[in-house]
Amino acid sequence: MPESPPHEFPDDLLAAQEELHQVRSELHALLRRLPWSVEPHDGFSDDHGWRKLERPASPGWTPDEQAEVEKLRARERELAVFVTCHRFWEQVSGPQAVDTRMRLKHAHETPPPEGA
């Protein structure tokens, strides 16, 4: 298998990495909106540690919310496995693999305009 430049990623790898970013973004946004506790909880206040810790009462997550979180987490795992185990990575090793992986993670970003 000829070695291709690390910035020339296969289309399926680029698509999976982009979807992974989207799924993680959706998951993080959903988790920020949901109550802090999955199960109903009365809340608590603890000021015996080095800082005060408080949590308000939580109604918990609905079954639909739990299902949505699990669906996104499952898709995130699938995509992460696909991206990390892709045949492309057979072409790179050592420090080059780390640099190439970082380029893939940021491949979806548009470069800043010249002179910026």
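User: What should I know about the model before we start?
Analyst: This is a predicted model, where local features need pLDDT of at least 70 and side-chain atom pairs count only at pLDDT 80 or more, while totals for chains, interfaces and linings use all residues. Residues are numbered from 1 along each chain as its sequence is written, and side-chain values use heavy atoms, with hydrogens and water left out.

User: Why is Ala-15 called partly exposed?
Analyst: Buried means under 20% relative accessible area, exposed over 50%, and partly exposed in between, with a 1.4 Å probe and protein chains only. Ala-15 has 47%, so Ala-15 is partly exposed. Ala-15 lies in helix α1; helices are DSSP runs of H or I with at least four residues, numbered from the N terminus.

User: What makes Trp-36 and Phe-44 an edge-to-face pair?
Analyst: Rings of Phe, Tyr and Trp (its six-membered ring) pair if their centres lie within 6.5 Å; planes under 30 degrees apart count as stacked, over 60 as edge-to-face and the rest as tilted. By this rule there are three aromatic pairs. For Trp-36 and Phe-44 the centres are 5.8 Å apart and the planes stand at 80°, so the pair is edge-to-face. Trp-36 is partly exposed, at 35% relative accessible area, and Phe-44 is partly exposed too, at 34%.

User: Why do Phe-88 and Trp-89 count as edge-to-face?
Analyst: Their ring centres are 5.1 Å apart with planes at 80°, so this pair is edge-to-face.

User: What makes a group of residues a nonpolar core?
Analyst: A nonpolar core is a set of buried Ala, Val, Leu, Ile, Met, Phe, Trp, Tyr and Cys residues joined through side-chain atoms within 4.5 Å. The largest one here has 17 residues, of which Phe-9, Leu-13, Val-69, Trp-89 and Leu-104 touch the most other members. Helices α1 (11-33) and α2 (63-84) each supply at least two residues, and α1 gives the most, with six.

User: Which residues of α1 and α3 make the contact between them?
Analyst: Contact means heavy atoms within 4.5 Å. The axes, lines fitted to C-alpha atoms over the stretch in contact, with angles from 0 to 180 degrees between N-to-C directions, come within 9 Å and cross at roughly 65° for α1 and α3 (residues 94-105). The contact is made by Leu-13, Leu-14, Gln-17 and His-21 of α1 and Arg-101, Leu-104 and Lys-105 of α3.
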